[in-house]
Amino acid sequence: VERVVVLPFGARLAAMSAAAFVQTVVIEGLGARAVIVGDDFRYGSKRVGDLALLQTMGAAAGFTAEGLGTVTLEGERSSSTALRAALAQPDLDKVERLLDRRYAIVGRIRHGLKLGRELGMATANIHLRRPPALAHGVYAVLARWPEQPDGLPGVASLGVRPTLGLTTCLLETHVFDAKPDLYGQEVAVEFHKFLRPQLKFDGLDTLAAQMQADGLAARHHFSQDLIAS
């Protein structure tokens, strides 16, 4: 994809008629020559716009419009709704089948509180502007960056760190058996196994002990994967 245009769904866009949407956004704004949409795509006030209107207006304006058929997986429609539901469970196997790849979060590593280092498990932190659809919790992960395109195993915590009383969502990843300097680098964290939900602990000692247990569980997962392969 060379260019993405994001239209904030506010009152102005919600009130725009279907014909006005095609004229203003598709024809004048994008200068479209071909439009491809899902077979259930709706637009305009009260969702009255459909593929037929796109094709009619396209014939007059000089662009073509085509609808894609529904793709199903195991009898269920493959959609963002199904994907979000699977991420919320979290059912990572189903997520992988829907995406045809492992789910990953990509971001630039920033400085944090450096608490993980003090607790014996230094982490690379990705600050998230909004919580992802993936359930908060601890996961066995594979971390990839330019110097490690094949990835290194690790353990990651996704959440708001309730033990510290914080509310900002953060992805903290500890890479096993390596101490890479990742500050400022773009890292892809690939989720392989859900280990446990996010919990609030009585204190940092209890949290540190659980972090070590989580690390052992993640190592066990990857060692079992290696044996299976």
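**Reading burial and contact in a predicted model**

Tutor: This model is predicted. Start with histidine 192. Beyond its neighbours within four places in sequence, histidine 192 is in contact with Leu92, Arg102, Ala140, Val141, Leu142, His221 and Phe222.

Student: What makes these residues count as contacts?

Tutor: Contact means heavy atoms within 4.5 Å.

Student: Why is histidine 192 called buried?

Tutor: Its relative accessible area is 13%. Buried means under 20%, so histidine 192 is buried. This residue is found in strand β10.

Student: What makes the link between the side chains of histidine 192 and glutamate 190 a polar contact?

Tutor: The distance is 2.8 Å. The cut-off for a pair of N or O atoms is 3.5 Å, and one must be able to donate a hydrogen and the other to accept it. The pair therefore counts as a polar contact.

Student: Why is valine 1 called exposed?

Tutor: Valine 1 has 96% relative accessibility. Exposed means over 50%, so valine 1 is exposed. It is found in the segment before α1. Val1, Val4 and Val6 make a nonpolar surface patch of about 390 Å².

Student: Which residues of helix α5 are buried?

Tutor: Leu92, Lys94, Val95 and Leu98 are buried there.

Student: How do you know that the buried residues of α5 line one face?

Tutor: Look down the axis of α5: they fall within an arc of 155°, so they line one face of the helix. Residues three or four places apart point the same way, because an α-helix has 3.6 residues a turn.

Student: What do the buried residues of α5 pack against?

Tutor: They pack against β3, β4, α4, β7 and β10.

Methods
Residues are numbered from 1 along each chain as its sequence is written. This is a predicted model: local features need pLDDT of at least 70, side-chain atom pairs count only at pLDDT 80 or more; totals for chains, interfaces and linings use all residues. Side-chain values use heavy atoms; hydrogens and water are left out. Patches are made of residues with over 30% relative accessible area and no salt bridge: like charges are joined within 9 Å, nonpolar side chains (Val, Leu, Ile, Met, Phe, Trp, Tyr) within 5 Å. Accessible areas come from the Shrake-Rupley method with a 1.4 Å probe; for residues, only the protein chains shown count as cover. A salt bridge is a side-chain nitrogen of Lys or Arg within 4 Å of a carboxyl oxygen of Asp or Glu. Helices (H or I, at least four residues) and strands (E, at least two) are DSSP runs, numbered from the N terminus. Buried means under 20% relative accessible area, exposed over 50%, partly exposed in between (1.4 Å probe, protein chains only). The arc is that of the directions from the helix axis to the C-beta atoms.
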